[in-house]
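Okay, everyone, let's get started.

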Amino acid sequence: MFEIKAIKNNTWYFEAFSNVGIYVPDGKNAVLIDSCDHPRMVKSLDRQLSEMGFSVSAIINTHGHVDHICGNSYFQEKYGCRLLSTEKEKAFIRYPDLESEFYYAGVEIKKTSSPFFLAKPTVTEVIGENNLPDGIEIV
């Protein structure tokens, strides 16, 4: 666990509590499917990607739960990568505290300092046919 494993050709995954898909269409620029579940795992993923000679060019977030977006800000700050999500998930990724408030009927809960419960806010582009990373298509 907590290591990159090959799937086939230019496709890998980072095995963690919430796995991260890794697609490298050109041999150097990785497109991540989600960005990990904890800051320690984010740094481990980044180290392993670097050892393989990859940088992160884009992250496609499947949804806005913290265990899928925790690494967004880290990778965006380090690599300047693009962040993509659906229109509906964009709000949860931009305002991560919405998720917990959503579960508690809109009541603002006491903020926690634990990174597992609250990712840093990031702004995503709405994913569509015209802004997909190279080598990615909507099927």
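So, Asn61: leaving out residues up to four places away in sequence, Asn61 touches Asp34, Ser35, His68, Ile69, Asn72, Leu84, Ser85, Ile93 and Thr124, where contact means heavy atoms within 4.5 Å. This is a predicted model, with local features needing pLDDT of at least 70, side-chain atom pairs counting only at pLDDT 80 or more, and totals for chains, interfaces and linings using all residues. Numbering runs from 1 along each chain as its sequence is written, and side-chain values use heavy atoms, with hydrogens and water left out.

Where does Asn61 sit? In the loop between strand 5 (55–60) and helix 2 (66–69); helices (H or I, at least four residues) and strands (E, at least two) are DSSP runs, numbered from the N terminus. Asn61 is buried, at 3% relative accessible area; buried means under 20%, exposed over 50%, partly exposed in between, with a 1.4 Å probe and protein chains only.

Now helix 1, residues 39–51. Its buried residues include Met41, Val42 and Leu45, and among the elements covering the buried residues of helix 1 are strand 3 (20–23), strand 4 (29–33) and strand 5. Just after helix 1, Gly53 has a positive phi of about 85 degrees.

Over to strand 3. Strand 3 pairs antiparallel with strand 2 over 4 bridges; pairing takes at least two DSSP bridges between the strands. Phe14 stands opposite Val20, and on the strand 4 side, Leu32 is the bridge partner of Ile22.
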